[in-house]
Each structure stands twice: as C-alpha cells, then as structure tokens.
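Thanks for making the time this morning.

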Amino acid sequence: MAFTRSEKLIATSSALEPVKPKALRKGDTVAIITPSSPAFEPGTLKFSLEWLQKLGLKYKLGRHTYESYSSYAGSEAARLEDFHTLWADPDVSAVLPLRGGAGAPGLLPKLDFDLIASHPKILCGFSDITGLLIPIHQKTGLVTFHGPTLGLMYENAYTHNYYLKALMGTTPIGVVADPADENGGWGFDYPPRIVITQGKGRGRLTGGCLTLIRGLMGTPYEIDCRDRIVFLEDVDEEPHTIDRMLSQLLLAKKFDQAVGIIIGDCNGCRPGGSKRNVLTLNYSLETMLRDRLGHLDIPVVYGLKIGHTIDKVTLPLGVMATLEATASGVKFKIEEAACADKAPSSKK
Amino acid sequence: MLIKPRALRNKDRVAIVAPASRPAKPSIVARAKRIVHEMGFEPVLGRHLFSTRGYMAGSAEERLSDFCQALTDPSIHAVWAITGGFGSIHLLDKLPYESFKENPKIVLGCDDVSHILLALYKKSGVVTLSAPNLDRIDNKEIFERVKKALTSCDHPHELVHRDKLLDDFCYSPVEGFGKGKVIACNLTALISLFGTPYEPDIEGAVLLLEDRSERNDILDRWLTTLYISGKLSHVAAVAFGQLEDCDSRGSFNMLSFEELACDRLASMRIPCCFDLPFGQSADTFVVPIGVTGILDTAKGKLSFTESALSKD
C-alpha cells in the first residue's frame, strides 16, 4: 500500500491552529436563522423547538425567519440582518440554520467576517449552508460544523448521536462508524464504503456540498484543499453533473493539494435521477468516480454517511483526521476535539 | 494579440467530431456529412464518433485523440462539433494550445462544447465561434447564416432581438451601451471553468449568456458565483440569449430568471437585456468569441466592430 505524501505534511498543516468554539451545554441559548430557503412549513419549526427543549436548550428566532422571496427566506438584506444580529448576541452559543436550500452564497460579499471572528461560536448545517461553513472557516479560522440543519438533527439516532458528540462534546469524535444494521442482515444499504484508491492520509478536514463548493470556485471564498482531507457530497444530481464539478476541481489542482478524499453517500445521484433532466444513462456514480479519480495518489473513498442521507455524521471543518483506505476497508477517524470547554479569547 | 483563423474556402476540409456526448443516432452523422458537403466543404469524420462510454462518445482518450487529430492535421481547416451533452471539460488539460496558436483554424460548436471554445480562446488567443452544433442545423436560414459566418471576412452579422409583434421592443432593465470583447457562452460551462486555468477574463467584456434545461434558481446560483467573485461588476454589459427549457419547474412562488438576474445586474447598474438570438437552437446567430462588439441594450442589438476571420 502506498503511503501518501500526507505523512510528511503533518508538520506544516498542524501549524494552522483552528479556533474552537465553546461546546454547547444544557441551559445555553441557540439562534435559529434561515440564511437560505424558508421552512418547508411551520410544523418543521415546531418539531425543532420541541427537540431543543428536550436537549435543555433555549432559543432565539431570527426576525425574518418566516419571510419568503422566490426560493429564498427573504431578501439578502433581511437574511444578513438576522445572521449579524444573532451572531453578535452574547447570549447565543450556537447559530443553527433551520434548513439549507439556496441563497446563502449570495450573502458572502456583505458578510461581516470581523464580527464573526470577534464572537466565535458554533455554526452547524449542510447543503446550501456549505456556502457559509467554508468561507467562515477559511476567513476566521473558526471550526464550523458540516452536520444536520436544525430541522434534521433529530431524524434518527445515528444522526442525532453524532450531532451531540460534535456540538456538545469536548473530546474527539474518534472513529466514524456506519449505522448499525437494524434489519437483521436483510436488504442492503447502498453504497457500502467503497475504496476508489487505496492509501493513507492525515490532515485537517474541509468540505461540504459539491454544488456549493463548485459555486465558490474563482471567488475569494474558493475552497482551500492544501493538506486537507476533503469530503464531498451532493443530492439529486446525475453522475454527469457530479463529473463536471469534479473535473473543475481537478483542473484547478484541488485534489493534487489534498491528502485524502471522501465522497459521501450521494442520495439520488443516479443516472436519470435528476429533477431537472430526465436521461436514463447507464453510467453510475461509482463508475464515474473510478474514471475521474482513480489515478490520484491519495486515498479516495465513497459511501460514507455525509450530507443528504437520513444517516449523517457531523464533521467539523478544521480538525485533524486520518483516512485509511485498504483492501480490507475504510477507516476514518477524527482525532481532535472540535469544541473547547471555554470560549476562545476573541480577536478584536 | 487576437489571432483570427482563416475563413473557409470551397473544398476546404471540415472535421466532424464529438468531444462530449455521442450523436443520438446514425442519421445525424449521415445528415451532418451532407450538410457540410452542401456548404461546399469536404467532411472528415472523427474515428470515435460512435464510441460509447456512459454519457460520452467514448473515453476521454478517444475523444481527445479525435479532437487533437482534427486540430493538428494541416489538411483540416475547421473543426465542428456534432453535438453537446457532457464531457468536453475532460479534454482541456491536454489540448495542444501552443501548436493551435501557431496553426489556428476555425473551431465551432456550443452547449457543452463551450468549455473547449473558451479554453482555446483563453490559452491560445484564437477567435472561436459559438454556433449550433451540427445536429441542430435544421433549416435553410441557419444553414446560410453559418455558411456565411465560416466563409466571410466581413464583420460578423449583428444580433438583434426581434419581437414578433412589436418592431423595436426589447426588455432591457438597465438601458445602456457596453463595448468590449465578446464572451459568448453557456452559463454552466463558464462557471465550470471558474478557478481553473481556463477561466476567461471577463473584465470589460460584453457577456452573452445562454443555457438549457435548468431551473431558474440553479441559473441564479451561477449568476451568484459571478456576483460574489467580484468579476460581474467589471463587465461592460450583459445580454442573455436563449434559455431553452429553463423555468421554475412548476413552482409558483419561484421568481422568473429575469427578476432574479435583475436583482444582481440592476443594483450594479450594468446594462443588460434579454432574448437576443443567441443559443443552441437554429434560431441563433454565429457569435465569435474574443472579437470586439458593442451592445445597445435598449435596442437589444449586438454589433461587431471587427471581423472574426482572416483572408489567409
């Protein structure tokens, strides 16, 4: 098995110390915002509030949470106002977008990164929220969380446990497991963890929804993959669309700089599966991944539970992790705690 | 220094290639050969036109081999894509940009082939032509328009929005003029090149954008990339062409693309207009990438101030 260049990169990558937010505790207050699309329906929010209550958390609601403009939760000005107001609120320990959808990247040019850096706190979401997680992590050094949006954190036990471990724990998440087989061995959970290329890599985590990562390319918020384990996922995009986005990252040398790649269980990313195109093309995501990424000299794996599946692991951007892909399987371990006991001294 | 390929002459050889998806059926290839022949040229078929690999006309190697062969063979004078689809982007890091710069020739196509047109223009400085792929040449008007665009050294034909009822109507939310090099392309392809060495320089450009089969909010996602990149505020003007089969997909509360695009462009006071005859269908005009044009958004008119091709 080829050990990749990641071994010699440990020294350089650990020089970059991330800013860790204070772990969420019982009695803390969280802020609910909608930086992308609005709640599907009012009931979604009601369920979420009940779950916050179960966890012993108080909440504040963004003023514009119920607004709607095209597919967005209000104008960019309204969504920015909620984000800034609640982020700066000293009572708020975590900012939890209710859902993704579309619209978060449009906030970036007017997002106040100095304000964000001066009030380090938890931000957790996925999908369209990737458009905030990566830029905020890169511009402020803050560890941000790629995990369920508020409305999805109670979807099932696997998802919920990883969510609590990441946001409320101060110890490393450790080895990332797959959901236990609850069907007594019947049926199958596709895809299993598939090794595209073997290898071992160690580096800080970055990543998110591929559509969003592609949309940040060529902008001041473009993903930095240097010495990173990069995780990618998407939903309802056909293999050819994923192919085009991966090809873009390949041309930009993003994967030459990375030390490992994890492709999540991309829900609905099947030939003919797109809601925008109906094409029955017999070329699966796995085949495409082997064609496009099979030549890389870093570990590349596919099928981990990240993103748009009901089972989702919460992954902190910026912490050290290792990825080992061998003939016998995939081991993915998060080595470093994402949250601290106390709030970090804020940058003024 | 902009390099202009030589205009085609009678009996010139034109390569028919499939750098992305496969032609849907053999009759399309037979018909394409005949179209090129009727224009007065000699058609030369790529070896792997009928190869299949997933959604593509063969592996990246096969498609690259056909395309490079056509690009570097001195007996071939133009390279025309038979269809778009997916996969052109795989060829970009292996195209012979240096030799193409030394021995330029006409390259034309659209849709996914936009990736190649933009990359050849960016890396070799050669004018490329956005024109229908061969599988969409289906009437006399487009046949004559493309033939003229390939053989004439005059300034390219202007593009004017034609309303079927109102003589001089064009929807222009920001009226004004923009003068600059014309970057005409598929919006998705343009964004796919962002952050790569093949991303075109759009500063001061007249941007002409089209797309097909996308939902309004997806198009808005890519316009947002242009906005947050900081590059949109430096373009001279923007015209949207055909947006075939682009809509809200039945969502009643999703705004139109015109409204979403205007949220970006109107606040920056960038002259813009909609529905120019530019795109993938036979209603399009041929638009050279890289030549200087003037866009008058109030009139919905794009005219060119120089030729796209050279005599020799």
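Predicted model: local features only at pLDDT ≥ 70, side-chain atom pairs only at ≥ 80, totals over all residues.

Let me begin with chain A, where the domain assignment gives domain 1, made of residues 6–14 together with 174–334, and domain 2, covering 29–168. The C-alpha centres of these two domains of chain A lie 23 Å apart, and across the boundary 24 residues of domain 1 are in contact with 26 residues of domain 2. If we ask which elements build the domain 1 side of that boundary in chain A, then β8 (199–209), α7 (210–215) and β12 each supply at least two residues. The largest share, four residues, comes from β8(A). Sorted by class, this side of domain 1 of chain A holds 13 nonpolar, eight polar and three charged residues.

Now for chain B, which is divided into domain 1, residues 13–151, and domain 2, residues 159–304. Taken over C-alpha atoms, 24 Å separate the centres of these two domains of chain B, and here 28 residues of domain 1 are in contact with 21 residues of domain 2. On the domain 1 side of this boundary in chain B, the elements giving two or more residues are α4 (114–124), β5 (128–130) and α5 (140–151), and the largest share, eight residues, comes from α4(B). By class, the side of domain 1 of chain B that touches domain 2 has 15 nonpolar, six polar and seven charged residues.

Let me turn to the strands, staying with chain B for a moment. What lies on either side of strand β4 in chain B, residues 106–109? B:I106 and B:L108 point one way from β4(B), while B:V107 and B:G109 point the other way, and all of them are buried. As for its partners, β4(B) pairs with strand β3 (residues 78–81) of chain B in the parallel sense over three bridges, and within that pairing B:V79 has B:V107 as its bridge partner. Between these two strands the chain crosses from β3(B) through helix α3 (residues 97–102) to β4(B), and this β-α-β crossover is right-handed. Two bridges also join β4(B) to β5(B), again in a parallel arrangement, with B:L129 in β5(B) as the bridge partner of B:L108. Here too there is a right-handed β-α-β unit, made by β4(B), α4(B) and β5(B). You will recall that α4(B) gives the largest share of the domain 1 side that touches domain 2 of chain B.

Finally, back to chain A, which has an open sheet of six strands with mixed pairing, in the order β2-β1-β3-β4-β5-β12. Why is one side of β2 (58–61) and of β12 (315–317) left without a neighbour in this sheet of chain A? Both strands stand at the edges and each has a single partner strand, so one side of each remains without a neighbour in the sheet. From one strand to the next, the twist of this sheet averages 25°. Within the sheet, strand β4 (residues 122–125) and strand β5 (residues 144–146) of chain A run parallel and are joined by two bridges, and A:G125 has A:H146 in β5(A) as its bridge partner.

How values were computed. Residues numbered from 1 in each chain as written. Chains lettered and ligands numbered in written order. Domains from an automatic or database assignment. Contact = placed C-beta atoms within 7 Å. Nonpolar A, V, L, I, M, F, W, Y, C, P; charged D, E, K, R; others polar. Pairing = 2+ DSSP bridges. Axes fitted to C-alpha atoms, helices over the stretch in contact; angles between N-to-C directions. Buried ≥ 20, exposed ≤ 12 C-beta atoms within 10 Å, placed from the backbone. Right-handed = clockwise from strand over helix to strand, strands pointing away.
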